[in-house]
Amino acid sequence: MEALNAVLVGVPLTLLVTAAAFAMGAVLGVPLVVGLRSERALARIPCRFLVDLLRGVPAIVWLFVIYFGVSIGAYRFAAVPAAIIGLGAISAAYLAEIYRGGISSVHAGQWEAAQALGVDGRTVFSRIVGPQALRVSIPSMASYLISLLKDSSIASTIGVTEIVFYTTQDARSGGGGLTVYIIAAITYTVLSIPLGLASRALYDSLRKKVSR
Amino acid sequence: MSFLTNWADWMPTLLKGLLLSIEITAASLAIGLPLGLLLAVATSSPVKAVRWLCIALVEVGRGAPALVVLQLFYFGLPSTGLTVSSFVSAFCALGLTTAAFTSEILRAGLQAVPAGETEACAALGVTRMDTLRFVVAPQGLRIALPALMGFAVLIFQATSLCFTIAVPELLSQAYSIGSSTFQYLSVLSLAGLLYAAITVPASWLVARADRRMSRHLAHAT
């Protein structure tokens, strides 16, 4: 019971880091996917490079670079902002790829019809292709959110007081070391269940609006 | 350009770490893939108890962060009187994580083999074991290959988590250089580039394999 309490103290910060990083990624992923799909090589190649680099370097390395490496004048990032920025940037890269998959699944006829009707490029994106692409992307976004929830455990390495931080602390201060880790593992699994259910509900309700 | 001379100085140490990261990846896959196949088959076992046990194992294995599993072995097991070295913890933890994830990939691959083939085998009196070995597995593994390669890239990245249990892999080497020279940004960037030097070309290979395997679909649509 004591071990359970020790683990649960970390839950709010785990959720905060996960939610903030996901929100940052969901927003920044949009300009990235526009860049990835651009016809201009000058926009496309840097975006591709950035996405590959963000996804290719392990999250823990990004967090260390931001937390230990970056100092702007005398300013250093605190642990929580460093974790959110690092995981948020990585999420942006992953979500941009997910958006790209969603956009390419929208039928070409939709683009062509919009063009034939003289709808301008921005409106096509925001009103016609975007909503359809988003709907297709939701299941992948949800599974990314679940993996991000687990990746947020990496923030413990730079001292963010989330689940794993308290778990390690409790395990090292004696007590049943194994029990507390098993509780932590189950806590993560349990936290991800409502996310999976919510995504399925959201997907179904969005589908109902279009399918007859 | 003084940082370049630094990089040249640090390179041998970091490359040694990188080699260890690759070795841990290989060991995790060597442990995890056979175990994953076993789990994939067992999760569709006709025996209810086996099936549910395996499903629970897979779900917790996939639901728990690799970091927690790593630390469970290294910091958690000693409380039961079983002390394992950091290397053994790394192999076991990442091997188990690999098994849990690849079992789902393999299961999807095996299920993609048309049911008619299994039925044909049953009709011809081929045993379940032989059906799996000669008919379903060879085709299912082929289908699962791109996803398995993608997972191998992820598990290579996950070896960086072994930093937390004092395995002297790439990130640990970079961090210890950083803490003695205080040039964290420089050395961590170099470590990041070394990781990317493996993962980025590897992910191109995965994309290529993926395209090759789905070539027959491109014509259909």
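## Basis

Helices (H or I, at least four residues) and strands (E, at least two) are DSSP runs, numbered from the N terminus. This is a predicted model: local features need pLDDT of at least 70 and side-chain atom pairs count only at pLDDT 80 or more, while totals for chains, interfaces and linings use all residues. Residues are numbered from 1 along each chain as its sequence is written, and chains are lettered from A and ligands numbered from 1 in the order in which they are written.

## Chain B

Chain B has 9 helices and 0 strands. Read from the N terminus, its elements are α-α-α-α-α-α-α-α-α. The C-alpha trace of chain B spans about 70 × 55 × 25 Å along its principal axes.

Chain B has 221 residues, of which 42% are buried (20 or more other C-beta atoms within 10 Å of the residue's own, with C-beta atoms placed from the backbone). Among contacts in chain B (C-beta atoms within 7 Å) with a separation of 6 or more, 77% join residues 24 or more positions apart.

## Interface of chains A and B

At the interface, 30 residues of chain A are in contact with 34 residues of chain B. On the chain A side, the elements that give two or more residues are α3 (41-56), α4 (59-69), α8 (163-172) and α9 (177-210). The largest share of that side, 9 residues, comes from α9(A).

By residue class, the side of chain A that touches chain B has 18 nonpolar, 9 polar and 3 charged residues. Here Ala, Val, Leu, Ile, Met, Phe, Trp, Tyr, Cys and Pro count as nonpolar, Asp, Glu, Lys and Arg as charged, and the others, Gly among them, as polar.

Apart from neighbours within four places in sequence, A:Ala83 is in contact with A:Val17, A:Leu63, A:Ala155, A:Ile158 and A:Val160.

## B:Leu171

B:Leu171 lies in helix α7 (residues 170-181) of chain B. B:Leu171 counts as buried because 29 other C-beta atoms lie within 10 Å.

Not counting residues up to four places away in sequence, B:Leu171 touches A:Ile60 and A:Val61 in chain A, and B:Ser160, B:Phe163 and B:Ala191 in chain B. B:Leu14 is 157 residues from B:Leu171 in sequence, with a C-alpha to C-alpha distance of 8.2 Å.

How values were computed
Buried ≥ 20, exposed ≤ 12 C-beta atoms within 10 Å, placed from the backbone. Contact = placed C-beta atoms within 7 Å.
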